[in-house]
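Please find below a colleague's notes for someone opening this entry for the first time. They are arranged as numbered points, to be read with the structure in view.

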Amino acid sequence: MKQYKNVVFDVGDVLVDFRYRDLMRDLGFDEETVEFLSKNMVETEFWHELDLGLWNHEDAVNKYTVEFPEYREQVLAFWDNIQDVVREYDYAPGLIKGIKDQGYGVYILSNYPVDTAEMHWPTFKFLPLTDGHIISGYEKITKPDEAIYRLLESRFGIKLEESIFIDDRQVNIDAASKFGMKAILFKGYDALLEELAELGIGLN
């Protein structure tokens with residue numbers, strides 16, 4: 001009998017590239033602007049509040065055009081092109097299918113704003129292959145809050161103790177471990193395949 005029955009994935013920087021710096025470069029921002037807006041717009045508590053569903057894109061545009069009037073043009077360009085801020089990794093659909101084909105349940109547990117989820121998620125080729133997903137913005141809770149892990153458990157009738165969790169952030173990994181999951185810190189596709197193989201999930 002398998003020790004684990006389910007594999008639970010984060011999305012950003014695991015199944016898709018969260019490429020906000022590259023998007024800025026694609027739009028022609030100089031490196032000083034890329035650095036400033038990355039640190040002061042994306043890598044902020046406000047972005048976490050977007051993940052929590054407390055704000056939307058319009059709120060973000062209003063906030064940052066007022067706070068950083070000298071970057072107004074760049075802020076508007078970034079949010080006008082937010083559909084390109086993620087790119088699905090080529091390996092993602094095959095990875096999910098390979099795990100599913102071995103009889104595991106596959107679920108998604110993601111911190112993600114509502115507006116961008118509605119824009120991006122219908123395009124993800126891996127998504128229809130999964131057994132269910134939870135998006136933080138709709139639930140008003142985010143990892144590493146215990147409540148979102150317990151929601152995964154209750155909504156889909158699974159047990160955390162029977163689940164492998166894969167995420168690129170140590171704080172989320174630590175929480176998952178605390179709540180009984182076998183947690184793997186994502187360090188790249190090849191490293192993940194090795195760690196899954198050690199748990200009995202062999203993939204080509």
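Predicted model: local features only at pLDDT ≥ 70, side-chain atom pairs only at ≥ 80, totals over all residues.

1. Besides helix H3, which covers residues 45–51, strand S2 (16–18) and helix H7 each supply at least two residues of the lining.

2. The sheet. Five strands form an open sheet in the order S5-S4-S1-S6-S7, and their pairing is parallel. The edges are strand S5, residues 132–135, and strand S7, residues 182–185, each of which pairs on one side only. On average, and with direction ignored, neighbouring strands of this sheet are turned by 20 degrees against each other.

3. Pairing on either side of strand S1. Strand S1, residues 6–9, pairs in the parallel sense with strand S4, residues 105–110, over four bridges, and within that pairing Phe9 has Ile108 of S4 as its bridge partner. Strand S1 also pairs in the parallel sense with strand S6, again over four bridges, and here Asn6 stands opposite Ser163 of S6. A reader who wishes to follow the sheet onward will find that S6 and S7 run parallel and are joined by four bridges, with Asp167 having Leu185 in S7 as its bridge partner.

4. How well covered is strand S6, and on which faces? Five of the five residues of S6 are buried, so that the strand counts as mostly covered. Both of its faces are covered, with Ser163, Phe165 and Asp167 buried on one side and Ile164 and Ile166 buried on the other.

5. Is Tyr112 buried or exposed? This residue is placed in the loop between S4 and helix H7, the latter covering residues 114–120. Tyr112 counts as buried because its relative accessibility is 6%, and the cut-off for that term is under 20%. Leaving aside neighbours within four places in sequence, Tyr112 is in contact with Val11, Asp51, Val86, Ala117, His120, Trp121, Phe124, Ile135, Ser136 and Gly137. With one of these, His120, there is a polar contact between the two side chains at 2.7 Å. Tyr112 and Leu52 are 60 residues apart in sequence, while their C-alpha atoms are 7.8 Å apart in space.

6. Asp26 lies in helix H1, which covers residues 20–26, and Asp26 counts as exposed because its relative accessibility is 54%, the cut-off being over 50%. Asp26 and Phe78 are 52 residues apart in sequence and, from C-alpha to C-alpha, 9.9 Å apart in space.

7. Backbone points to check by eye. Most residues other than glycine have a negative phi, and most peptide bonds are trans. Against that background, the peptide bond from Lys143 to Pro144 is cis, with omega near 10 degrees, and Pro144 has its place in the loop between helix H8 (136–139) and H9. Lys140 is found in the loop between H8 and H9, and its phi is near 65 degrees, a positive value in a residue other than glycine. Lys140 counts as partly exposed because its relative accessibility is 46%. Asp13, placed in the loop between S1 and S2, likewise has a positive phi, near 65 degrees, and counts as partly exposed at 28% relative accessibility.

Definitions and conventions
Residues numbered from 1 in each chain as written. Heavy atoms only, no water. Pairing = 2+ DSSP bridges. Axes fitted to C-alpha atoms, helices over the stretch in contact; angles between N-to-C directions. Buried < 20%, exposed > 50% of the residue type's maximum accessible area, 1.4 Å probe, protein only. Contact = heavy atoms within 4.5 Å. Polar contact = N/O pair within 3.5 Å; in protein donor to acceptor, adjacent residues only side chain to side chain.
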